[in-house]
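Here is a short briefing for a first look at this structure. Keep the sequence and the 3D view open as you read.

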Amino acid sequence: MSAALLRVENLSIGYDAGIGQIQALRAANLEAHGGEVIGIVGESGCGKSTLVAALINLLAPNAHVNSGAIYYKGTDILTMDRESQRHLRGPDIAMVFQDPMTTFNPVITLGDQLVDFQHHIDGVSNAEKRKRAGELLARAGIPDPELCLRRYPHELSGGMRQRASIAAALLMTPNVLVADEPTTALDVTMEAQIIHLLRELRTDYQGAIIVVTHHLGVVAELCDRVYVMYAGQVVEQGLVDDIYHAPKHPYTRALIACDPAHFEEHTPILPTIAGRVPNLLYPPKGCSFADRCDMATSRCREITPPWVRISETQYALCHEARP
Ligand SMILES: Nc1ncnc2c1ncn2[C@@H]1O[C@H](COP(=O)(O)OP(=O)(O)OP(=O)(O)O)[C@@H](O)[C@H]1O
Ligand SMILES: [Mg+2]
């Protein structure tokens with residue numbers, strides 16, 4: 001495989017919380033290559049947003065990078081000065097936010113903003129950029145793109161705004177597109193359409209796409225590779241097929257077992273994994289999942305698990321994992 005476009009190495013991030021530091025990310029590793037769609041899954045509070053916020057340099061003010069590096073095309077972006085980091089945002093690494101209002105300025109029309117998103121593209125007139133924006137809005141499923149360009153963000157429905165924000169991110173032709181739960185705020189039909197859109201895009205988009213989601217179904221449909229996160233750590237990584245058909249970490253197995261898509265009939269009560277994510281102010285010794293794992297032994301509670309290589313593409317952070 002070619003050199004990675006983006007490589008996260010051993011990244012640890014904590015949040016100051018008065019009485020101590022919440023260990024939101026612990027020694028995380030991730031790699032993304034051009035043309036690849038990567039999924040990041042895991043329960044709430046496992047560090048998914050912290051990881052992707054670090055990629056786009058949008059960590060909360062109380063966050064501290066305790067160790068690690070984020071190489072973009074070989075350069076560690078964490079050691080760049082603020083100005084260079086800011087320049088990366090957009091044409092190099094762009095983000096689709098959960099709340100599309102974060103993307104847009106409320107007092108400027110979408111047309112003007114979508115033209116402005118292309119400011120880094122030289123030798124193209126504003127009229128041409130506006131035309132390109134209209135085309136992308138149409139591809140994003142907006143029925144009357146010309147009208148949409150004349151509108152202010154609040155004049156669009158939530159679903160339309162989300163589509164427009166995906167179009168906005170793509171207009172910047174980023175090398176890495178990061179989407180943190182792009183569909184949470186939408187209804188099911190809209191969600192299906194947005195996934196469809198992202199899936200279509202992957203065919204003619206050379207960059208890498210990194211999608212954070214709670215929905216394993218989204219991952220199965222959209223992604224090539226998956227990173228499973230638990231309690232601030234990546235605990236398993238592999239090709240989508242590996243993760244679905246031969247998951248090796250007990251947490252991955254539990255997530256899949258609780259996926260609503262497994263239940264043919266609509267049930268009012270969805271199963272959840274018993275227990276809860278440990279308090280990240282005091283991460284447990286040994287394996288973080290041990291308290292909820294029915295395979296756990298005393299070794300799991302005492303000794304930090306190693307990365308077990310299952311195959312060239314699949315790894316699991318578990319004492320009990322076997323190829
Ligand atoms: N600014 C902050 N200050 C303190 N703690 C924070 C802050 N942001 C996140 N956290 C904590 O860091 C941990 C990881 O949070 P993060 O938002 O990265 O998880 P997540 O996997 O994205 O969760 P979700 O699925 O709910 O979005 C959690 O314990 C969370 O409460
Ligand atoms: Mg999140």
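Predicted model: local features only at pLDDT ≥ 70, side-chain atom pairs only at ≥ 80, totals over all residues.

One open sheet has four strands, and another open sheet has eight. A search of the whole structure also finds four aromatic pairs.

**The four-stranded sheet**

- The strand order is E2-E1-E4-E5, and the pairing is antiparallel.
- Strands E2 (21–32) and E5 (75–76) are the edges, each pairing on one side only.
- Strand E1 covers residues 6–16 and is joined to E2 by eight bridges.
- Gly-14 has Gln-23 in E2 as its bridge partner.
- Helix H1, residues 48–55, lies across E1, E2 and strand E4 (63–72).
- The helix H1 runs at about 115° to E1.

**The eight-stranded sheet**

- Here the order is E6-E7-E8-E3-E9-E10-E12-E11, and the pairing is mixed.
- The edge strands are E6 (93–96) and E11 (307–309), and each pairs on one side only.
- On average, neighbouring strands of this sheet are turned by 20° against each other, direction ignored.
- Strands E3 (residues 37–41) and E8 (residues 208–212) run parallel and are joined by four bridges.
- Val-37 has Ile-209 in E8 as its bridge partner.
- Helix H6, residues 158–171, lies across E6 and strand E7 (176–180).
- The helix H6 runs at about 180° to E6.

**The aromatic cluster**

- Which residues do ring pairs link into a cluster? They are Tyr-230, Tyr-251 and Phe-289.
- Among the four aromatic pairs is Tyr-230 with Phe-289: the ring centres are 5.1 Å apart and the planes stand at 85°, so this pair is edge-to-face.
- This pair links distant parts of the chain, 59 residues apart. Tyr-230 sits in strand E9 (residues 225–230), and Phe-289 in the loop between helix H10 (250–257) and helix H11 (298–302).
- Tyr-230 and Phe-289 are both buried.
- Tyr-251 and Phe-289 also form an edge-to-face pair, because their planes are at 65° and their ring centres 5.2 Å apart.
- Tyr-251 lies in helix H10 and Phe-289 in the loop between H10 and H11, so this pair ties together parts 38 residues apart in sequence.
- Is Tyr-251 buried or exposed? Its relative accessibility is 0%, so Tyr-251 counts as buried.
- Phe-289 has 2% relative accessibility and therefore counts as buried.

Terms used: Residues numbered from 1 in each chain as written. Chains lettered and ligands numbered in written order. Heavy atoms only, no water. Pairing = 2+ DSSP bridges. Helix = DSSP H or I, 4+ residues; strand = E, 2+ residues; numbered from the N terminus. Contact = heavy atoms within 4.5 Å. Axes fitted to C-alpha atoms, helices over the stretch in contact; angles between N-to-C directions. Phe/Tyr/Trp six-rings, centres within 6.5 Å; stacked < 30°, edge-to-face > 60°. Buried < 20%, exposed > 50% of the residue type's maximum accessible area, 1.4 Å probe, protein only.
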